[in-house]
Amino acid sequence: MYPDRVVSGMRPTGTMHLGHYHGALKNWIRMQAEQPCLFFVADWHALTTHYDDPSIIEKSTWDMLVDWLAAGIDPTQATLFIQSRVPEHAELHLLLSMATPLGWLERVPTYKDQIENLSNRDLATYGFLGYPLLQAADVLIYRASEVPVGEDQVPHIEMMREIARRFNHLYGKEPGFEQKAQEAVKKLGSKRAKLYNELRTAYQQEGQDDALEQAKAMLDDAQSLSMIDRERLFGYLEGSRKIILVEPQAKLTEASRLPGLDGRKMSKSYGNSIALREDKDVVTKKIRTMPTDPARVRRTDAGEPERCPVWQFHVVYSDQPTQEWVQKGCRSAGIGCIECKQPVIDAIVKEQEPMHERAQPYLDDPSLVRAIVADGCETARKLAQETMRDVREAMGLSYS
């Protein structure tokens with residue numbers, strides 16, 4: 001019914017590092033060539049945990065955008081924008097909050113987890129409780145078909161689907177809907193209309209999922225239908241109502257296998273990260289001072305790669321021959337830890353060289369980034385406004 005579209009965002013709460021690159025940006029870079037993508041800086045979301053000291057947000061916003069461009073996000077393929085510059089996000093969040101049960105927010109698994117992990121912050125605020133609802137608005141406002149997430153974020157996507165389903169149920173019943181849907185069926189032509197009705201019956205009465213998919217494919221190919229008739233027929237097909245907000249699907253992405261320098265999750269707050277555009281000498285120093293297998297007290301002591309944080313970097317950066325060299329050399333004490341670390345240093349430096357090159361024009365002329373964002377915000381806002389017109393009309397707020 002609506003075109004396929006991917007939406008994702010990141011909070012600007014600090015310097016981007018290699019964990020972000022391997023955990024999210026590489027997936028974004030791949031997806032931008034496959035279908036339309038909107039990637040946004042979630043500056044309002046940053047306030048959910050940094051509301052008492054927002055000074056870091058603006059600088060991190062622009063640094064993050066440069067990092068995205070340096071990593072390979074292409075503004076000619078993807079739309080880049082800043083959340084707060086599309087105020088329709090906030091409006092949809094407000095309207096959705098009117099009908100979203102409080103228990104839906106309280107049961108999100110990451111809510112309790114973050115309350116415990118961020119016990120040093122006062123998070124007893126609606127902003128923190130309601131951030132999954134703002135997330136839902138961020139996605140639903142673009143009628144996204146897919147959202148790239150890791151396993152831990154799947155409950156958030158399921159809640160987005162429930163919110164969209166509830167909204168459509170509450171507000172998708174236009175006056176005379178069934179009659180208008182039946183009139184739209186006739187516009188398919190006699191053969192397609194007959195097939196549509198047969199498939200609708202097979203799905204609603206017999207539960208045949210393949211009949212539903214076949215009917216949806218037929219509607220997608222029916223070029224003669226207007227958008228509003230197409231919406232009606234999709235809703236009529238499923239026995240529901242007019243589809244105003246689209247239920248997005250979770251697009252599971254490969255989780256980052258890159259740990260921090262100490263073996264824990266890479267995080268600036270842990271002091272164990274390598275920035276996305278780190279200086280070559282800094283990369284060298286950080287890797288060389290990484291802790292290794294504690295059993296290797298002396299150069300002649302044998303070690304075990306599986307106990308060493310450096311090995312996890314080899315898993316990500318080294319080819320099979322190099323990994324075999326590391327395993328054999330470490331376990332036999334045939335190589336020292338400094339020797340073991342050098343291929344990792346070389347690989348990271350090589351990976352970051354094109355990032356430095358791509359970033360330099362934007363560092364020399366920041367107006368280039370601002371122009372990209374201005375264009376992206378304009379594109380995003382037009383899409384958001386289209387959705388909000390339908391939302392307001394459905395809720396009786398259009399006043400036209």
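**Close-up views of helix packing, cavities and a pocket**

**View 1. Helices α1 and α17 are roughly perpendicular to each other.** The structure shown is a predicted model. Helix α1 covers residues 18-31, and its axis comes within 13 Å of the axis of α17. The two axes cross at roughly 75 degrees. On the α1 side, the contact is made by Leu18, Tyr21 and His22. On the α17 side, Ile348, Glu351, Gln352 and Met355 take part. By class, this contact has 4 nonpolar, 2 polar and 1 charged residues.

**View 2. Helix α14 meets α17 in a right-handed crossing.** Helix α14 spans residues 280-288. Its axis and that of α17 come within 9 Å and cross at roughly 150 degrees. An angle over 145 degrees counts as roughly antiparallel, so α14 and α17 are roughly antiparallel to each other. From α14, the contact draws on Lys280, Val283, Thr284, Ile287 and Arg288. From α17 come Ile338, Lys341, Gln342, Val344, Ile345, Ile348, Val349 and Gln352. Sorted by class, the residues in contact are 7 nonpolar, 3 polar and 3 charged.

**View 3. Helix α3 lies oblique to α17.** Here α3 is residues 55-71 and α17 is residues 337-364. Their axes come within 7 Å and cross at roughly 135 degrees. The crossing of α3 past α17 is right-handed. Val66, Leu69, Ala70 and Ala71 of α3 make the contact with Pro354, Met355, Arg358, Ala359, Tyr362 and Leu363 of α17. This contact has 9 nonpolar residues, no polar residues and 1 charged residue.

**View 4. The largest cavity holds about 90 Å³ of space.** A search of the whole structure finds 2 cavities of 30 Å³ or more. Lining the largest cavity are Thr292, Asp293, Arg296, Pro305, Cys308, Val310, Trp311, Val326, Cys330, Cys337 and Cys340. Which elements give two or more residues to this lining? They are α15 (309-317), α16 (320-332) and α17. By class, the lining has 8 nonpolar, 1 polar and 2 charged residues.

**View 5. The second largest cavity has a volume of about 50 Å³.** Its lining consists of Leu96, Ala99, Thr100, Trp104, Ile163, Arg166, Phe167 and Leu170. Helix α9 (residues 154-171) supplies the largest share of this lining, 4 residues. The lining residues divide into 6 nonpolar, 1 polar and 1 charged.

**View 6. The second largest pocket has a volume of about 780 Å³.** In total, 26 residues line this pocket. Which of them lie nearest its centre? They are Lys216, Glu238, Ile243, Val246 and Glu247. The elements that give two or more residues to the lining are α9 and α12 (209-221). By class, the pocket lining has 9 nonpolar, 5 polar and 12 charged residues.

Technical notes
Residues numbered from 1 in each chain as written. Predicted model: local features only at pLDDT ≥ 70, side-chain atom pairs only at ≥ 80, totals over all residues. Heavy atoms only, no water. Axes fitted to C-alpha atoms, helices over the stretch in contact; angles between N-to-C directions. Parallel < 35°, antiparallel > 145°, perpendicular 65-115°, else oblique. Left-handed = near helix turned anticlockwise from the far one by under 90°. Contact = heavy atoms within 4.5 Å. Nonpolar A, V, L, I, M, F, W, Y, C, P; charged D, E, K, R; others polar. 1 Å grid on protein atoms, 1.4 Å probe; cavity = no way out; pocket = protein on both sides within 12 Å on 5 of 7 lines; lining within 4 Å. Points joined across faces, edges and corners; volume = space filled by probe spheres on them.
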